[in-house]
Amino acid sequence: MILEIRDLEKRFGGLLAVNKVSLSVAEGTTHAIIGPNGAGKTTLFNNISSIIPADSGQVVWRGERIERLPPQKVSAKGISRTFQNIRLFGYMSVFDNVLTGTHNQYKSFVWAAVSHNARYRREDKEGRAFVLEILEKVGLVEKRKEYARNLSYGEQRKLEIARALAARPQLLLLDEPAAGMNTAETEEFDRFIRELRREGLTLLLIEHDMKLVMSLADRITVLDYGSKIAEGTADEIQNDERVIEAYLGKRRV
Amino acid sequence: MFTQQLVNGITEGSLFALIAISFSLVWGLLKLVNFAMGEIYMFGAYAGWIVVSYITPNLFLALIAGFAVGWGLGWIVEKVAFKALRGVPHIASLVCTIGFSFLFKEIAAAIFGAQTKAMPSFYSSTAIVVAGANVSWLQIFMVALAVGMMLLLQLLFYGTKIGLGVRAVALDYRTAGLMGIRVDRVTSIAFSLSGALAAFVGVLAAIYYNAINPYMGFVPGIKGFTAAVFGGITSIPGAILGGYLLGIIENMSVQFVSSGYKDFVSYLLLIVFLLFRPNGILGKKAKL
Amino acid sequence: MISISRKYRLVLQLCVGLLLIALPYLLGNQYFVRIATMIGIYVVLASSLNLIIGFTGMYSLGHGAFYGIGAYASAILSLSLHWPFWVTMPLAGLFTAMVGAFLGLATLRLRQTFLVFGTLAFGEIVRILIMNWNSLTRGPMGIPGIPVPSLFGFSFKNFSNYYYLVLAFAALVVFLIARLYRSRVGRAWVAIREDEVAASTMGVPVFGYKVLAFTISCLFTGLAGAFYGHFVRYISADQFGMNESFLILTMVALGGTGSIIGPVIGAVILMLIPEVFRFLAQYRSVLYGAILILVIVIKPEGLAGVKGLFVPPSGTARFQFRKRKIDPAAEGQAGGGAA
C-alpha cells in the first residue's frame with residue numbers, strides 16, 4: 001500500500017466534511033473516489049496534500065506519516081495533484097507553468113540564478129527538455145508560449161495535469177479531471193490515463209463520469225456526506241444498495 | 001498626574017473610538033479599508049474651521065459642515081476606489097485609497113497652505129476638578145458628543161430599516177440582495193456615513209488641539225485603524241472599546257516614555273496585535 | 001507594451017546604454033546630471049519594491065524606512081569609524097537586508113491589507129526611532145558632512161563622476177533582478193503571485209520565498225540608501241517617511257508591476273514630473289495622488305506591467321450587483337472573468 005488514510009476527520013464549523021474516512025491505495029493501481037456533490041471528496045484531497053490539514057487521523061505515505069507536513073513537503077514526497085476548479089498560473093506561459101512544476105527536482109537558488117553557473121545551466125537545460133517532452137505527450141507544444149489563461153477549457157485541464165506530471169510524482173491526485181469533457185475528449189483522456197498507468201504511476205481519482213470510472217478504476221471508494229459507504233471493484237460498487245441509494249435515493253416500495 | 005492622563009485618555013479615546021467605528025463600518029461591509037479616512041478627517045477639520053472663522057463661530061454649525069463634507073468625500077471615495085473596482089482583489093482598492101490619501105493631502109496643502117492654522121477655542125476653561133485632574137468643559141462636551149453619536153449610531157443600526165440593511169449586508173451580502181435589499185445603496189450610504197463620522201471627529205479634534213494643517217490626518221487615521229484592530233475590527237463595540245483603550249494607554253504611557261515616543265506606542269500596539277491577535281481583544285465576533 | 005523581436009532588442013539596449021553613458025555630456029548642466037543620478041537611485045528603489053509587489057503580490061508601505069536605514073547605517077559607519085564608502089555601503093545593505101528579513105519573518109503571514117499597515121507602522125517606528133535616538137542619529141538634526149567616496153585618490157565629488165557610479169550600480173541591480181526573474185527562483189515568485197496554494201502543491205515553500213523576496217529587496221534598497229547618503233551628504237529622518245514610501249510605490253504602480261522595465265519607466269516619469277510640470281507650482285504634488293488613483297482604476301498593472309496582480313483568483317465569485325436583483329445562477333458564470 002503506497003498510501004494509507006486512517007480515520008481522517010475534518011470539520012468546518014458545524015459541518016463534518018470528512019467523517020473518519022479510511023482507505024488504502026495500492027501501488028500502481030488506479031483508485032477512484034466517487035460520491036454525490038458535497039460528499040467531502042475534494043476536502044479529502046485537500047487533507048492529503050495538506051493545504052487544509054485534517055483535524056485528526058493519519059495519512060501514511062510509504063509507511064511515513066505525512067499529515068502534519070506542509071504542502072510543499074508533501075509534494076516533495078512524490079504526491080502531485082490537480083484542482084477541481086483549475087488553478088493554473090494564468091499570466092504565465094504554458095511552458096513556464098509546467099517548468100514551475102519541476103521546482104522540486106532542482107536546486108538552483110539565488111547564486112545560481114545570478115551567476116548562471118554550471119548548476120544553473122545544467123538544470124535549466126534539463127528542465128526545459130523535460131518540459132518539452134511532457135508538452136508533447138499532452139499535445140500542448142504549439143501553444144507553449146501562450147498565457148495559460150488564454151487556453152481553452154480542455155487545454156487548461158491538460159495543462160494542469162502536465163504541470164503535475166512535471167514533478168515526476170509517484171502518486172497523482174486528479175480532482176474531476178474529465179469535468180466538462182465531451183465523449184470524444186473523455187475517450188482520449190481514458191487512453192491518456194492508461195498510458196500513465198503503463199508507466200507505473202499510481203492514481204487517485206475523483207470523478208463523476210461513471211463510464212470513465214468503471215473503465216479505469218481498479219478499486220472504487222464511495223463517499224456520501226463525508227463518510228465512506230462502500231468500497232470495492234467496479235462490479236461490486238455498481239450493485240451495492242447503499243451506493244444506489246446515495247445517488248438515486250431510496251427505492252420506493 | 002495619573003488621573004489627568006486618564007481624563008485626557010478618555011477624551012482622546014472618544015475621538016479614536018469614532019474613527020475606529022468608521023473603519024469598522026467599512027471593513028464589516030466590504031472587508032476593505034479606506035486608507036484616506038485620516039484625510040477625510042482633515043477636510044472635516046478645515047470645513048469646521050472655515051465655518052467658524054468666516055461664517056459664524058457656531059460650533060454646531062461647524063460640526064454639521066464637517067459631517068456634510070465627510071459624507072461627500074466618503075461618497076466619492078466609494079464610487080472610485082470601491083465601486084469601480086468591484087471584482088478586483090481588495091488590495092487594488094486599498095492602493096487606490098492610498099492614492100486618495102495623498103491626493104487629498106496635497107489638495108488641502110495647495111488650497112490652504114501647509115502652515116498650521118489655529119482654531120478659535122471653545123469652552124476650554126476648566127469645568128470641574130476630579131481627583132487632582134482638571135477637566136475642561138470642552139472635554140466633557142467632546143466625550144458627551146462622542147457618546148451621543150455612538151448612541152445615535154446604535155439607534156440607526158438597530159432601529160431603522162437602513163440600519164437593518166447595513167447589518168444584513170455585513171453578514172451576507174448575497175442573501176441580503178436576494179431578500180430585496182439594495183446592496184449598492186446600502187454600501188454607498190454606509191461608506192458616506194463612515195466619512196462623515198471621520199470628518200465630524202476632525203472638527204472636534206481641530207478645536208481640542210487647536211491646530212489644523214493638511215497633514216494632520218495621517219496619525220489619527222493610523223491610530224483609528226489601530227484602535228479598530230485592537231478592539232476587533234469586525235464589530236462596532238470592539239471599535240469603541242479599542243478606541244478608549246488606545247486613548248488611555250497612549251496617555252498613560254507618557255509617564256514612562258518621553259512624549260516623542262507617544263505615537264510609537266500606538267504603532268507598536270498595532271504591529272503586536274496584527275501579528276498575534278488580528279481579531280482584536282474581543283476576538284472574532286459578527287457585527288453587533 | 002510593444003513587443004520587440006530579439007535582434008532589435010539588443011540593438012535598442014545598446015543604443016540606450018550608449019545614451020546613458022554619454023548623458024552627462026549631452027546634458028551639460030550639473031543640475032540635470034543631479035536629476036539623472038537621482039533617477040538612477042530611484043530605479044533601484046522601484047525595482048526592489050517591485051520584487052515584493054510585482055513578483056510576490058505583497059504590498060509594502062515601509063520601503064522609505066529601509067531606504068533610510070541604509071542611508072543612516074552607511075553615514076554613521078563612515079563618520080564614526082571612518083571606514084571608506086566601499087566598506088560601509090555593502091555593510092549598510094546587509095544590515096538593511098537583515099532588518100528586512102526580521103520584518104518579513106514577522107509580518108509576511110498577514111493578509112495583504114494588514115501587511116500594508118504592518119509595514120507602514122514599521123516605517124513610522126523606524127522614523128520615530130531615528131528622530132529620537134539622539135546619541136546615534138543626532139535625532140531631528142540629521143547627519144551632515146557625509147564623506148564623498150573616493151577610489152585610489154579618484155574622488156567622486158564631481159556630479160558627473162557620481163552619476164557614473166550610480167549608473168553602474170543601477171545597471172547591476174536591474175541585471176541581477178532580471179536574472180532572478182528568469183530563474184527557478186523568479187518562477188517560484190510569480191507562481192506565488194498567481195496562486196499561492198497551487199504553488200505550494202508544486203513544492204514551493206511560499207512563506208520562505210516571500211521572505212527571500214523581502215530580504216533581497218531590502219538589500220538593494222539599503223544599498224540605494226547608502227548611495228543616496230553619500231551623494232547628498234546630508235540626511236535626516238523626514239526624508240525617509242511615508243511620502244518617500246508613497247513615491248516609490250507610485251513609481252512601481254505607474255511604471256508597471258511584475259516586469260523588469262516597468263519600475264525603470266516609473267522612476268523616470270515620476271522624477272521628471274516635478275520638472276515638466278513646474279508651471280503647476282504648488283499643485284504639482286497633487287499629481288502624484290491623482291496618478292496612482294488613475295493607474296489603479298484604468299490600467300492596474302501599470303504602463304509596462306505584467307497582468308496577474310489584480311485579477312481575481314480562480315474560483316472567486318465577484319461582488320457584483322446592479323440595480324436589478326441578483327440572479328444566483330448568472331453569478332456563478334460571471335465569476336472568474338476579467339475585471
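Helices (H or I, at least four residues) and strands (E, at least two) are DSSP runs, numbered from the N terminus.

This is a predicted model: local features need pLDDT of at least 70, side-chain atom pairs count only at pLDDT 80 or more, and totals for chains, interfaces and linings use all residues. Residues are numbered from 1 along each chain as its sequence is written, while chains are lettered from A and ligands numbered from 1 in the order in which they are written.

I checked the geometry of helix 3 (residues 94-101) and helix 5 (residues 118-138) of chain A: the angle is about 115°, and the axes are 9 Å apart. Axes are lines fitted to C-alpha atoms, for helices over the stretch in contact, and angles run from 0 to 180 degrees between N-to-C directions. That makes helix 3 of chain A roughly perpendicular to helix 5 of chain A (under 35 degrees is roughly parallel, over 145 roughly antiparallel, 65 to 115 roughly perpendicular, the rest oblique). Helix 3 of chain A contributes A:Phe95, A:Val98 and A:Leu99, and helix 5 of chain A contributes A:Gly127, A:Val131, A:Ile134 and A:Leu135. Contact requires C-beta atoms, placed from the backbone, within 7 Å. I noted 6 nonpolar, 1 polar and no charged residues there (nonpolar: Ala, Val, Leu, Ile, Met, Phe, Trp, Tyr, Cys and Pro; charged: Asp, Glu, Lys and Arg; polar: the others, Gly among them).

Next I turned to the sheet. In chain A, 6 strands form an open, mixed sheet in the order 6-7-8-3-9-10. Strands pair if DSSP finds at least two bridges between them. Strand 6 (79-81) and strand 10 (227-232) of chain A are at the edges with a single partner strand each, so one side of each has no neighbour in the sheet. Strand 3 (residues 30-34) and strand 8 (residues 202-206) of chain A run parallel, joined by 4 bridges. I found A:Leu203 as the bridge partner of A:Thr30.

Then I looked at chain B. There, 40 residues are in contact with 41 residues of chain C. Helix 4 of chain B gives the largest share of that side of chain B, 14 residues. The side of chain B divides into 31 nonpolar, 5 polar and 4 charged residues.

Note on methods: Contact = placed C-beta atoms within 7 Å.
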